[in-house]
Amino acid sequence: MNKIMLSLCLAGAIALPGLAQARPVTLTTQLKSYGGNGAYLAIYLTNSTGQYQKTLWVSGKKTKHYKNLRDWARGSGLKPAEVDGVSGASVGSGRALKVTVDIADALIDAGYEIRVDSAVEDGRDNPADVRTPLTTLGAGKPATGRGYVQSFIYDM
Amino acid sequence: MLRRIHSLPALIATLLLVVLAISGALLSVDPVIERIGSTVPGNGQISVAMLAERVAPHFPGAEQIQRSPSGAIIVYYSRDGETGAERIDPTNGQSIGLYAPSAFTRWVKNLHRSFFAGTAGRAVAGTSALTMLVLCLSGMALLVKRVGGWRQLVHPLRGNFSQRWHAELGRIAVFGLLLSALTGLYMSAATFGLISDGTRDEPDFPSATTAGPAKSIGTLPALQRTDLNDLRELVYPSPENPDDVYSLRTAHGDGYVDQATGALLSWQAHDGVHRAHELIYQLHTGQGGLWWLALLLGLSALSVPLMGATGVTMWWQRRRLRPRIANNSGSQSADSVILVGSESNSTWGFATALHDALHEAGQRVHTAPMNQLATQYRQAKHLFILTSTYADGDAPSSANRFLARLDKFSESHRPSFAVLGFGDRQFPKFCQFARDTQAALLARGWQQSLDLDTIDRQSSQEFSHWGRAVGRLLGRELTLTYTHKPPHTQALELIRRIDYGTQVQAPTSILRFGPIAPKSRFARIARRIGFNGLPRFEAGDLVGIVPPGSPVPRFYSLASGSKDGFLEICVRKHPQGLCSGMLHDLQPGQRIDAFIQPNPGFRPASGKAPVILIGAGAGIGPLAGFIRNNTGKYPMYLYWGGRDPASDFLYEPELGEYLADRRLTELHAVFSRVKEGAYVQHRVLDNATEIRGLIEEGAQILVCGSRAMAASIMQALDGILSPIDLDVRALKLQGRYREDVFG
């Protein structure tokens with residue numbers, strides 16, 4: 001019961017500031033030349049304890065492969081509403097994905113983290129391929145991925 | 001109709017199907033290679049827990065263990081912030097090499113399932129699978145129809161090169177292709193979500209896990225209970241998250257394993273739909289132990305490029321033979337309909353002239369073979385039937401179903417008709433089929449607009465005379481001009497002649513012609529790579545030779561096929577014969593101009609049924625050709641009559657050879673100018689019991705020789721067949737009695 005209450009409060013805390021002030025943030029994900037089919041990527045926000053908060057972008061059209069973006073899939077519960085309007089094609093080996101999303105001011109410098117899960121068909125799943133704190137100072141500084149992602153930068 | 005269902009999709013999809021087939025054949029090798037490269041323990045020997053325990057010391061950063069359908073074990077791990085994947089020996093957990101999926105295989109796989117064109121490409125691949133299914137089924141139906149029943153399917157096939165190989169490959173590969181097409185179609189439908197494949201239902205992530213220290217992986221009960229051979233994938237929990245769980249996928253279901261207790265959580269067993277999906281997937285890819293099936297499917301797929309090439313060739317050959325008519329109106333919108341009955345397409349020249357003249361006169365004209373008689377012609381006022389006659393009064397090949405179709409014609413929309421017969425007055429049943437057609441129409445109450453008229457030996461004068469009558473009928477001037485198109489001839493050189501029969505007043509020569517020496521460099525290269533420089537023909541076809549001083553070609557039955565590398569005819573010299581005289585004067589090295597006229601009706605049929613060949617004199621030519629080509633050693637019986645074995649025993653050495661190697665089953669040669677001499681029909685009557693038995697077995701009879709001989713044979717056979725309630729006419733209707741008669 002307490003847990004549910006806590007979740008509800010958290011959800012409110014994210015949603016309400018969202019209404020107030022948001023700014024465009026450009027996310028650039030450069031992939032390694034791993035030489036496989038196009039990678040599925042999920043870029044999302046977690047809070048300081050690693051709990052899923054919000055989907056920023058999903059690359060890859062076939063929903064049946066979404067389960068391989070493991071952490072994100074668990075966090076988001078794969079609800080269609082989470083992906084609505086923030087998805088695109090999978091990203092080829094060695095290519096870069098550049099998207100701009102709106103992020104509420106209240107989420108910046110507030111202990112939140114951007115994570116990228118990646119997965120490739122007949123390849124491996126990389127939950128938390130990239131982890132980088134969402135801070136004003138961190139903007140423009142590349143973070144290194146441990147899986148298919150070469151580097152990840154956000155600019156605001 | 002069936003043929004159109006077969007060839008239309010095939011023509012459109014051939015290239016795509018060839019790409020799918022070749023890529024599929026390449027992929028089919030993969031399960032075998034993977035199977036060779038991996039050690040698969042027996043069931044019950046190694047559990048997932050044991051494997052994970054063996055892997056742990058070598059790969060402390062293991063994140064994921066996968067078992068490929070063929071049994072290869074792959075460990076994904078991270079070490080010092082870098083990720084890697086290695087193949088593992090399940091007996092000791094040690095690496096046996098880096099896991100690097102082949103880029104080539106991936107490329108071929110993407111080509112195979114989407115032509116590198118994403119979703120659109122996948123749709124094309126799925127449609128191609130459907131096309132393949134249609135081709136397999138319609139092709140099988142066509143083949144069964146051609147050989148005359150399912151039981152005949154197992155027997156060797158006949159036909160020209162393309163026909164034989166197309167059917168031969170088809171009947172072997174059809175099962176593999178059907179399986180590939182059906183399973184491929186299913187997989188495509190599943191990809192597009194048209195049918196459920198049961199793989200989308202994921203077990204819910206467990207809502208609660210047991211708090212407490214994680215147990216060693218080798219002691220987890222759920223993993224101890226899972227056999228390695230059932231494993232699909234084991235994903236380790238995230239080391240940073242103590243609440244995380246193992247996720248486990250097996251052949252039977254999916255679920256999670258608690259790190260602290262090793263209990264199985266949220267287990268979801270695969271349902272029937274999911275199992276069916278996996279089975280179909282295995283059948284298509286041969287993965288999961290079906291490597292032998294993969295190879296069989298791959299071999300079947302390799303037939304597709306050959307089937308495509310031979311199929312397109314057959315289509316082209318058929319198309320080339322079909323006359324083309326400019327400004328042909330639809331059957332239901334035409335004012336005038338022209339139907340053509342023709343064995344060798346010569347009547348089509350006249351039909352085209354009539355068509356053009358009527359079109360010129362402002363009519364809408366529909367021209368078609370007699371076999372394409374519609375069930376009604378809604379607008380037509382006039383029906384013109386131009387037909388030749390085959391052999392002794394029979395329907396030519398483009399009209400052999402006309403009389404049957406006539407009964408289905410609507411009573412209301414009947415145009416008035418006029419029949420024009422084509423033939424040669426030298427033959428007794430001149431224009432017989434034209435007369436039969438006229439009688440059949442009158443008997444059914446059709447209105448005749450012009451009485452039957454005939455054209456003797458392609459006479460242009462008679463044709464334009466008939467044209468004036470047509471003009472009066474239409475109430476306007478009509479000029480019909482038919483000009484003989486000189487046939488496209490080719491020069492051939494006599495390479496050998498063997499002369500027989502001069503002592504018995506029947507000078508007969510076996511003349512063998514070859515192509516002339518190639519002049520251009522291109523022709524020389526073509527000759528070297530296997531084009532023998534001859535037009536395409538088979539034994540039983542006709543060669544047309546235009547003698548000097550006459551526009552009308554003379555036809556001789558061919559005693560060889562172009563595959564033999566020479567063109568052979570057997571010619572008897574007639575006292576005043578313009579053409580036979582010219583041929584008999586030829587010496588090796590001299591040339592003639594000749595063209596080929598196909599005669600597909602006179603040929604041994606497919607199937608194992610015996611063939612009875614009957615001939616006399618020079619009529620042995622095509623029969624000897626059939627025997628020479630009987631490399632399948634089907635039962636063939638030759639009855640042949642000559643005059644004197646010492647003088648005109650044509651093909652004597654060859655026939656001995658054919659008997660020895662069983663290309664010829666029995667030879668009954670009979671001679672008339674010896675003591676107790678007899679004619680061939682006498683020998684036929686002597687062997688009545690045997691012949692009757694063969695015909696009851698389904699034998700086909702091919703007769704070649706003079707008109708008089710053919711008549712006696714027909715009479716003899718009618719006598720032989722009467723005890724079993726059969727006659728030659730019935731055999732003719734079944735296509736089991738064919739004649740090639742002359743003189």
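Analyst: Of the 743 residues of chain B, 39% count as buried, meaning that 20 or more other C-beta atoms lie within 10 Å of a residue's own; 12 or fewer make a residue exposed, anything in between partly exposed, and C-beta atoms are placed from the backbone. The model is predicted: local features need pLDDT of at least 70, side-chain atom pairs count only at pLDDT 80 or more, and totals for chains, interfaces and linings use all residues. Residues are numbered from 1 along each chain as its sequence is written, while chains are lettered from A and ligands numbered from 1 in the order in which they are written.

Chain B has 21 helices and 24 strands, taken as DSSP runs numbered from the N terminus (helices H or I, at least four residues; strands E, at least two). One of the helices is α19, residues 688-696, with B:Ile691, B:Leu694 and B:Ile695 buried. These residues lie on the same side of α19(B) because they cover an arc of only 100° around the axis, the arc being that of the directions from the helix axis to the C-beta atoms. On the face turned away from that buried side, B:Thr689 and B:Glu696 are exposed.

The buried residues of α19(B) pack against two strands of chain B, β20 (611-616) and β21 (636-642), and against the helices α18 (680-686) and α20 (707-721). Contact here requires C-beta atoms, placed from the backbone, within 7 Å. Across chain B, 70% of contacts between residues at least 6 apart in sequence join residues at least 24 apart. After α19(B) comes B:Gly698, with a positive phi near 105°.
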